[in-house]
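Hello,

Here is the structure you asked to look at.

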Amino acid sequence: MKVAAILVTFLAAWHLGCLSVALVRKDTITRSIASLQDIGKKPVLRAPVPKRQKCDHWSPCPPENYAYRILSGGGRGKLAKICFEDELLISEEKGNVGRGINIAIVDYKTGKFISARFFDMWEGDHSGEMMTFIKNASQGSLLLMVTHDDGSTRLNSDARKLVEELGSNEIRNMKFRSSWAFIAAKGFKLPDNIEKEKINHSDKNKNRYGSWPAEIQIEGCIPKNLI
């Protein structure tokens, strides 16, 4: 009798187990096993995606500041860009960038884009046109300048002097295909601690793009309370 009772109990337990397996969904068992396997594992910490800043700055400008970024051309394929308050003023996308010296004018008080032009300094005499464009900029304007390809061959001494009077320390040093970027204020003074100018000369032993040096850039933040 005892043997029979044990046998009946064993068979009942076996049938109950089969019934439980049939009732529990396979994916539930799989998840349960996976959960047990995950016990003891270190959690994976994912850094948040950095927020994009104006003009692709690494860090945001303080409140009540304008953001700017000026990038020179590099070789034939990489054209110059001028960005102000996250707006491209001069770029390949806008179709207004060209060989020579590219200039964009911004109203400082409003931060609004006024106009932009490029002046070819390799073919034709455009120094006079560039001087007129700069002189016609209103007092209280920001002038953002950058080269693509060559900006010096036909740039005469009067034009260099005018840009020098705006605060450039490198315009007289510009040579054939020098990469140059510059920001100036007309009628007021920019802070001493912001990046205003940079130049990189062509050197056949160091050039990145054959006869062209590497592109350069300047960027920074301009307080809105200067005037």
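E85 is partly exposed in this predicted model. Its relative accessible area is 22%. The side chain of E85 meets that of K54 in a salt bridge, at 2.9 Å from N to O. K54 is in the loop between α2 (26-38) and β1 (65-71), and E85 is in the loop between β2 (81-84) and β3 (87-90), so the pair ties together parts that are 31 residues apart in sequence. K54 is partly exposed as well, with a relative accessible area of 41%.

Other salt bridges

How many salt bridges are there by the rule used here? The count comes to 14. Three further cases are worth a look in your viewer:

- E164 pairs with R172, and their closest N and O atoms are 2.9 Å apart. E164 counts as partly exposed at 34% relative accessibility. R172 is also partly exposed, at 44%.
- E215 pairs with R208, with 3.5 Å between the closest N and O atoms. Is E215 buried or exposed? E215 counts as buried, because its relative accessibility is 19% and the cut-off for buried is under 20%. R208 is exposed, with a relative accessible area of 55%.
- R52, D56 and D86 are linked in a network of salt bridges.

Helix packing

Now the helix pair. Helix α3 (residues 127-135) packs with helix α4 (residues 157-165). The angle is about 25°, and the axes are 9 Å apart. Angles under 35 degrees count as roughly parallel, so α3 is roughly parallel to α4. What is the handedness of the crossing of α3 and α4? The crossing is left-handed.

Which residues make the contact? From α3 they are S127, M130, M131, I134 and K135. From α4 they are D158, A159, L162 and V163. By class, this contact has six nonpolar residues, one polar residue and two charged residues.

To recap, the model is predicted. The K54 and E85 pair joins two loops. Helices α3 and α4 are roughly parallel, with a left-handed crossing.

Best regards

Terms used: Residues are numbered from 1 along each chain as its sequence is written. This is a predicted model: local features need pLDDT of at least 70, side-chain atom pairs count only at pLDDT 80 or more; totals for chains, interfaces and linings use all residues. Side-chain values use heavy atoms; hydrogens and water are left out. A salt bridge is a side-chain nitrogen of Lys or Arg within 4 Å of a carboxyl oxygen of Asp or Glu. Helices (H or I, at least four residues) and strands (E, at least two) are DSSP runs, numbered from the N terminus. Buried means under 20% relative accessible area, exposed over 50%, partly exposed in between (1.4 Å probe, protein chains only). Axes are lines fitted to C-alpha atoms, for helices over the stretch in contact, and angles run from 0 to 180 degrees between N-to-C directions. Angles under 35 degrees count as roughly parallel, over 145 as roughly antiparallel, 65 to 115 as roughly perpendicular and the rest as oblique. A crossing is left-handed if the near helix is turned anticlockwise from the far one by less than a right angle, and right-handed if clockwise. Contact means heavy atoms within 4.5 Å. Ala, Val, Leu, Ile, Met, Phe, Trp, Tyr, Cys and Pro count as nonpolar, Asp, Glu, Lys and Arg as charged, and the others, Gly among them, as polar.
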